[in-house]
Amino acid sequence: MADYNPEARVIAPVIVSTRAATGQREDESAPIIAEFAEAVGFVARPPVIIPDGEGVLAALSELLVQIEPAVIITSGGTGLTPDDLTPEYTKPMLDKEIPGVVEAIRAHGRTKNPLAALSRGVAGVKDSTVIINLPGSPKAVREGMEVLVELLPHLCDQVADIRDSHWGDA
């Protein structure tokens, strides 16, 4: 892991997996999030690992109040099983939605696996924190992060109202 940089933007991973939370399997998604975070100069916190379901609301709320990270990335709970509720607990918290982010993630994922279209993840902003839901499989997290490393620096600049002389040139 890279040396701690107090100026770096913080990404807080929230792993939503009953099996990981109960020790039935090791989480493989948070290290992938950390790897990509470091590639763009962000720092990933140790993950919060919670079971599928209603704990998502408490985990997100606690991070927003206590840590105020630049980004929260959830992994898991975006499918269609009865306890896949991450989007249901994320969406009401958002001040602004950013549908293009999850559309880009799903489109990129579909180039490798047609089932990527089934992810119901959402993305948006709460106060000064970007929140993005990714699917739970490590492969899907890697594919999502491939998209996010291109977007997060500029996205976080916009949320922080940092405007450089090239803003809007893209």
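Which residue takes a positive phi in the hairpin of β6 and β7? In this predicted model, the residue is Asp127, with a phi near 55°. Two residues lie between the strands of that hairpin.

Strand β6 covers residues 123–126, and β7 covers residues 129–134. The two strands pair in the antiparallel sense, over four bridges. Within β7, Ile131 is the residue that stands opposite Gly124. Strand β7 also has a parallel neighbour, β4 (residues 71–75), joined to β7 by five bridges. In that pairing, Ser75 has Leu134 of β7 as its bridge partner.

Now consider how β7 sits in the structure. In a regular strand, side chains alternate between the two faces of the sheet. In β7, one side carries Thr129, Ile131 and Asn133, and the other carries Val130, Ile132 and Leu134. The residues on both sides are all buried, so both faces of β7 are covered. Because six of its six residues are buried, strand β7 is largely enclosed by the rest of the structure.

The largest nonpolar core has 27 residues, and Val71, Ile132 and Leu148 have the most contacts inside it. Two or more residues come from each of α2 (29–39), β4, α5 (99–110), β6, β7 and α6 (138–159). Helix α6 gives the most to this core, with seven residues. Val71 shows how such a residue is surrounded. Leaving aside residues up to four places away in sequence, Val71 touches Val10, Ile11, Ala12, Phe42, Thr129, Val130, Leu152 and Cys156. There is also a second, separate core of 14 residues, and among its members are Val14, Ile50, Ala59 and Ile131.

Helix α2 has its own set of buried residues: Ser29, Ala30, Ile32, Ile33, Ala34, Phe36 and Ala37. What do the buried residues of α2 pack against? They pack against β1 (10–16), β2 (43–44), β4 and α6. Just after α2 comes Gly41, which takes a positive phi of about 80°.

Charged side chains provide another kind of link. Side chains of opposite charge can pair when their charged atoms come close. A search of the whole structure finds seven salt bridges. One of them joins Arg9 to Asp157, with the closest N and O atoms 2.7 Å apart. Arg9 lies in the segment before β1 and Asp157 in helix α6, so this pair ties together parts that are 148 residues apart in sequence. Arg9 counts as partly exposed, at 24% relative accessibility, and Asp157 counts as partly exposed at 23%.

Another salt bridge joins Glu35 and Arg142, with 3.2 Å between the closest N and O atoms. Glu35 belongs to helix α2 and Arg142 to helix α6, so the pair ties together parts 107 residues apart in sequence. Glu35 is partly exposed, at 41% relative accessibility, and Arg142 is partly exposed with a relative accessible area of 32%.

A further salt bridge is formed by the side chains of Lys91 and Glu97, at 3.9 Å from N to O. Lys91 is partly exposed, with a relative accessible area of 44%. Glu97 counts as partly exposed, at 43% relative accessibility.

Definitions and conventions:
Residues numbered from 1 in each chain as written. Predicted model: local features only at pLDDT ≥ 70, side-chain atom pairs only at ≥ 80, totals over all residues. Heavy atoms only, no water. Buried < 20%, exposed > 50% of the residue type's maximum accessible area, 1.4 Å probe, protein only. Pairing = 2+ DSSP bridges. Core = buried A, V, L, I, M, F, W, Y, C linked by side-chain atoms within 4.5 Å. Contact = heavy atoms within 4.5 Å. Salt bridge = Lys/Arg side-chain N within 4 Å of Asp/Glu carboxyl O.
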